[in-house]
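Please examine the structure shown below.

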Amino acid sequence: MNSARIREIEMPFDDVGSGAGIILLHGYPFDSSMWREQIDFLSAQGNRVVAPDLCGLGETKAASEISTMEDMARDVAALMDKLEIDRAVVCGLSMGGYVALEFVHLFPSRVRALILAGTRAPADNEPEKQVREQQARRMLTEGMNFVADATLRKLLAPRTLTEKLEVVAHVREMILRSDPQGAAAAQRGMAVRRNYSDDLASINVPTLVIVGREDPIRPVADAEFMHDRIRNSSLQIIEDAAHMTNMEQPEIFNRALLRFIGAHNEPA
Ligand code: MLT
């Protein structure tokens with residue numbers, strides 16, 4: 001893994017292949033390793049794939065007690081500057097999707113195309129914010145075990161849980177190795193994120209919305225909401241997948257990305 005110093009913090013990232021840039025933004029509480037299948041596949045298909053560990057997650061330390069989506073989006077822009085990537089396809093899953101929505105709002109000219117997977121546009125309501133705060137406090141006192149126990153069954157479809165044990169193990173490992181301070185900071189950052197619903201009509205780049213048919217966390221209705229409002233968007237619903245579509249059904253996810261990116265190619 002490479003590393004860049006951003007806001008005085010070391011940010012490790014994968015940077016594999018050459019060609020047009022694709023930035024992959026992971027979900028919470030995960031890290032860039034969730035994109036392994038996409039990094040291998042898309043780089044072999046002639047793309048430059050960059051996947052950072054976002055602030056407070058993976059190997060990147062949190063910069064403060066709250067990691068906002070805006071902080072993370074600005075970190076991504078700073079990383080692109082360092083890598084001399086002016087414009088890229090930006091793909092985010094769940095929390096990474098919030099960061100992608102923030103990024104396209106802040107830096108529209110740097111986005112060639114957008115991929116929003118397992119995410120949603122509206123902000124949290126008050127009860128959702130309270131749950132995040134309770135979870136943040138609990139992580140800081142108890143660590144990450146309870147998160148793995150409570151969420152695996154929502155993150156993964158029944159078929160993944162019984163038939164893809166290496167995916168189950170990988171998701172569990174990512175949760176357990178997350179730094180509780182960094183995970184709590186990301187939870188607090190998500191709690192204060194903006195409502196992106198009003199931004200959707202002004203997104204001016206080709207957009208692919210992806211959702212797992214069985215995702216209870218960010219269900220199909222959330223994806224349809226974005227697809228209905230983003231003018232130049234298409235929707236892909238992935239069967240036999242819940243929240244972690246790219247890990248649960250990598251072949252389908254990869255083919256969808258390749259088709260979409262190929263249709264919106266421009267020189268590196
Ligand atoms: C994620 O997978 O990134 C989270 O489920 C996002 C969230 O908690 O809103």
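**Spaces and charges**

The lining of the largest pocket consists of 22 residues, and those nearest its centre are Arg132, Gln135, Gln187, Ile217 and Arg218. A pocket is an open set of points on a 1 Å grid over the protein atoms alone, with protein on both sides within 12 Å along at least five of seven lines; lining residues have an atom within 4 Å of a point. The model is predicted: local features need pLDDT of at least 70 and side-chain atom pairs 80 or more, while totals for chains, interfaces and linings use all residues. Residues are numbered from 1 along each chain as its sequence is written, and side-chain values use heavy atoms, without hydrogens and water.

The largest pocket holds about 540 Å³ of space. Helices α3 (95-106), α4 (126-142), α5 (145-155) and α8 (180-191) each contribute at least two lining residues; α5 gives the largest share, five residues. Helices are DSSP runs (H or I, at least four residues), numbered from the N terminus.

A cavity, by contrast, is a set of grid points where a 1.4 Å probe fits but cannot get out. The largest cavity contains about 40 Å³ of space, where a volume is the space filled by probe spheres set on the points, joined across faces, edges and corners. Among the residues that line this cavity are Ile6, Arg7 and Asp75.

The structure has 21 salt bridges, each a side-chain nitrogen of Lys or Arg within 4 Å of a carboxyl oxygen of Asp or Glu. In one of them, Arg74 meets Glu70 at 2.9 Å, N to O. About one helical turn separates Arg74 and Glu70, because they are four residues apart in helix α2 (residues 69-82).
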